[in-house]
Amino acid sequence: VLFVRDFDTDSCLSGDRCLNTNIRCRQIQLDIICQPDSTTPYSVRQQGSGMVDPLGAAKTRVLASCNGLGGAALKQIGTTASFTVTLTNYGTQPQTYTLTPDALYTNCIEADNVDTIKQISGAQITYNASSVTVPAGGKASVNATVNVGSAEYNHYVEGFTVLHGDGCEDLSLPVLAFYGDWYGCENIIDAPSYTGESIYYE
């Protein structure tokens with residue numbers, strides 16, 4: 001309700017366009033949740049885009065998307081993959097964001113059989129620009145490249161694209177890919193532990 005009311009007061013949006021844009025923008029305005037006592041985020045497969053930031057959502061006027069969605073679902077990839085982040089400014093002022101390489105993570109099993117993630121050495125999301133300015137009422141785009149570094153074959157590669165706002169709210173998009181052969185690597189459903197063929201209990 002607060003989001004809709006906030007957009008209703010903005011002269012650049014009205015009616016159905018206001019509501020639809022409002023909902024889409026708010027899906028992007030989220031905080032990335034990290035594990036306790038760590039800078040490692042929880043898996044994209046667990047937290048999705050993150051936790052809603054109501055105050056930030058009420059302030060933002062820029063929508064970040066990848067192919068019209070609130071995240072980059074790259075599916076099966078090789079050692080590198082690319083995608084484009086499109087920024088749409090529904091406000092009346094230009095907005096500038098800075099970009100630095102973002103870390104990538106992969107799934108792993110800890111000693112107590114807890115499924116978690118760890119940072120991949122040499123793996124990053126890099127960008128074709130160090131900053132981008134989105135004109136008022138306009139669009140801009142940034143090309144991003146995923147490099148899997150030393151990731152193990154047949155494992156997830158995941159992380160977040162973060163755009164640091166210059167006097168405006170930060171934006172982020174979750175990135176998820178599978179480095180390897182999705183259909184040939186292993187069964188979707190793990191074998192029972194007593195068979196001796198279980199991946200989880202190996």
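**A chat about a predicted model**

Mentor: The protein chain has an accessible surface of about 11000 Å², and carbon and sulfur atoms hold 50% of that. Keep in mind that this is a predicted model.

Trainee: Okay. How many helices and strands are in the protein chain?

Mentor: Four helices and twelve strands.

Trainee: What share of the residues counts as buried?

Mentor: The protein chain has 202 residues, and 41% of them count as buried.

Trainee: And the contacts? What share is between residues 24 or more positions apart?

Mentor: 65%, taken from the contacts with a separation of 6 or more.

Trainee: Let's go inside. How many residues does the largest nonpolar core have?

Mentor: It has 33 residues. Leu74, Phe83, Leu87, Tyr97 and Val146 have the most contacts inside this core.

Trainee: Which strands supply at least two residues each?

Mentor: S3 (62-65), S4, S5 (80-89), S8 (115-127), S9 (131-134), S10, S11 and S12.

Trainee: Which strand gives the most?

Mentor: S12, with five residues.

Trainee: Back to Leu74. What does Leu74 touch?

Mentor: Skip the residues up to four places away in sequence. Then Leu74 touches Ala81, Ser82, Phe83, Val146, Val175, Leu176 and Ala177.

Trainee: New topic. How many salt bridges does the count come to?

Mentor: One salt bridge. The side chains of Arg45 and Glu158 form it, with N to O at 3.0 Å.

Trainee: Which parts does the pair tie together?

Mentor: Arg45 lies in helix H3 (residues 44-47) and Glu158 in strand S11, so the pair links parts that are 113 residues apart in sequence.

Trainee: Is Glu158 buried or exposed?

Mentor: Buried, because its relative accessible area is 1%. Arg45 is partly exposed, at 32%.

Trainee: What about Gln95? Where is that one?

Mentor: Gln95 is in strand S6 (residues 95-98).

Trainee: Why does Gln95 count as buried?

Mentor: Because its relative accessible area is 17%, and buried means under 20%.

Trainee: Which residues is Gln95 in contact with?

Mentor: Leave aside neighbours within four places in sequence. Gln95 is then in contact with Val62, Asn89, Val132, Thr133, Val134 and Cys168.

Trainee: Now the backbone. What is the phi of Lys75?

Mentor: Positive, about 60°, although Lys75 is not a glycine.

Trainee: Why point that out?

Mentor: Because most residues other than glycine have a negative phi.

Trainee: Where is Lys75?

Mentor: Lys75 is in strand S4 (residues 72-77). Lys75 counts as exposed, because its relative accessibility is 66%.

Trainee: And what is the phi of Asn154?

Mentor: Near 65°, again a positive value in a residue other than glycine. Asn154 sits in the loop between strand S10 (139-147) and strand S11 (155-165).

Trainee: What is the relative accessible area of Asn154?

Mentor: 23%, so Asn154 is partly exposed.

Trainee: Last stop, the surface. Which residues make the nonpolar patch?

Mentor: Trp182, Tyr183, Ile188 and Ile189 make a nonpolar surface patch of about 550 Å².

Trainee: Pick Ile188. Where is its place?

Mentor: Ile188 is in the segment after strand S12 (171-179).

Trainee: Why does Ile188 count as exposed?

Mentor: Because its relative accessibility is 67%, and exposed means over 50%.

Notes:
Residues are numbered from 1 along each chain as its sequence is written. This is a predicted model: local features need pLDDT of at least 70, side-chain atom pairs count only at pLDDT 80 or more; totals for chains, interfaces and linings use all residues. Side-chain values use heavy atoms; hydrogens and water are left out. Patches are made of residues with over 30% relative accessible area and no salt bridge: like charges are joined within 9 Å, nonpolar side chains (Val, Leu, Ile, Met, Phe, Trp, Tyr) within 5 Å. Accessible areas come from the Shrake-Rupley method with a 1.4 Å probe; for residues, only the protein chains shown count as cover. A salt bridge is a side-chain nitrogen of Lys or Arg within 4 Å of a carboxyl oxygen of Asp or Glu. Buried means under 20% relative accessible area, exposed over 50%, partly exposed in between (1.4 Å probe, protein chains only). Contact means heavy atoms within 4.5 Å. A nonpolar core is a set of buried Ala, Val, Leu, Ile, Met, Phe, Trp, Tyr and Cys residues joined through side-chain atoms within 4.5 Å.
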